[in-house]
Amino acid sequence: MEHKIGTTNYEFDIPTSFCSVWDVFYMISTSPNRAQMGRLFAAMIGLCIKKSTCPRYSLADADPIQYGGAVQEWLQKEEVSPMETLSIGSSLFSFLSEHIATKTEVENAENF
């Protein structure tokens, strides 16, 4: 998928490390407040963006909210509004949700 950030078109795709996506999904499942949700959606952008100067996620820290804050700072410098961040992050959340296996899919794969 492709989105424009500032004046640049960026390509977004599944991150090379899917455990980073799980970190974000786990945090979203804890019913975060609005500020945390904004950071988590910004984190989705940072995880999925390709070929950019966006901050990189630390798997060792496993802190998607802190990472999302760093991405929000980067997006601010790129003149991306909070509403645009939520819109892109929401799209990426839906995109990545389609790639998470359900329990039934896992069981079917085990029983092939």
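Student: Let's start with Ala 62. Is Ala 62 buried, partly exposed or exposed?

Tutor: Keep in mind that this is a predicted model. To sort a residue, look at its relative accessible area: under 20% is buried, over 50% is exposed, and partly exposed lies in between. Ala 62 comes out at 40% relative accessibility, so it counts as partly exposed.

Student: Where is Ala 62 in the chain?

Tutor: You'll find Ala 62 in the loop between α2 (34-48) and α3. Check its backbone too: the phi of Ala 62 is near 50 degrees, which is a positive value in a residue other than glycine.

Student: Which other residue has a positive phi although it is not a glycine?

Tutor: Glu 79 is one, with a phi of about 65 degrees. Glu 79 sits in the loop between α3 and α4. At 72% relative accessibility, it is over the 50% cut-off and therefore counts as exposed.

Student: Which residues does Thr 85 touch?

Tutor: Leaving out residues up to four places away in sequence, Thr 85 touches Phe 41, Ala 42, Ile 45, Leu 75 and Val 80.

Student: Okay, let's zoom out. How many helices and strands are there in the protein chain?

Tutor: Five helices and two strands. Starting at the N terminus, the order of the elements is β-β-α-α-α-α-α.

Student: How do the strands β1 and β2 pair?

Tutor: For a strand pair, ask about direction and bridges. Strand β1 (residues 2-5) and strand β2 (residues 8-11) pair in the antiparallel sense, over four bridges. As one example of who faces whom, Glu 2 is opposite Glu 11 in β2. The hairpin of β1 and β2 has two residues between the strands, and Gly 6 there takes a positive phi near 65 degrees.

Student: Now pockets. How do I describe one?

Tutor: Give its volume, then say which residues line it and what kinds they are. The largest pocket has a volume of about 210 Å³. Its lining is made of 13 residues, and Pro 15, Thr 16, Gly 46, Leu 47 and Arg 56 lie nearest its centre. By kind, the lining of the largest pocket splits into seven nonpolar, four polar and two charged residues.

Student: What is the volume of the second largest pocket, and which residues line it?

Tutor: The second largest pocket has a volume of about 160 Å³. With four residues, α3 gives the most to it. Sorted by kind, the lining of the second largest pocket has four nonpolar residues, five polar and one charged.

Student: What can I say about the protein chain as a whole?

Tutor: Of the 112 residues of the chain, 38% count as buried. Take contacts between residues at least 6 apart in sequence: 70% of them join residues at least 24 apart. Finally, the chain exposes about 6900 Å², and carbon and sulfur atoms supply 52% of that.

Note on methods: Residues are numbered from 1 along each chain as its sequence is written. This is a predicted model: local features need pLDDT of at least 70, side-chain atom pairs count only at pLDDT 80 or more; totals for chains, interfaces and linings use all residues. Side-chain values use heavy atoms; hydrogens and water are left out. Two strands pair if DSSP finds at least two bridges between them. On a 1 Å grid over the protein atoms alone, a cavity is a set of points where a 1.4 Å probe fits but cannot get out, and a pocket is an open set with protein on both sides within 12 Å along at least five of seven lines; lining residues have an atom within 4 Å of a point. Grid points are joined across faces, edges and corners, and a volume is the space filled by probe spheres set on the points. Ala, Val, Leu, Ile, Met, Phe, Trp, Tyr, Cys and Pro count as nonpolar, Asp, Glu, Lys and Arg as charged, and the others, Gly among them, as polar. Contact means heavy atoms within 4.5 Å. Buried means under 20% relative accessible area, exposed over 50%, partly exposed in between (1.4 Å probe, protein chains only). Accessible areas come from the Shrake-Rupley method with a 1.4 Å probe; for residues, only the protein chains shown count as cover.
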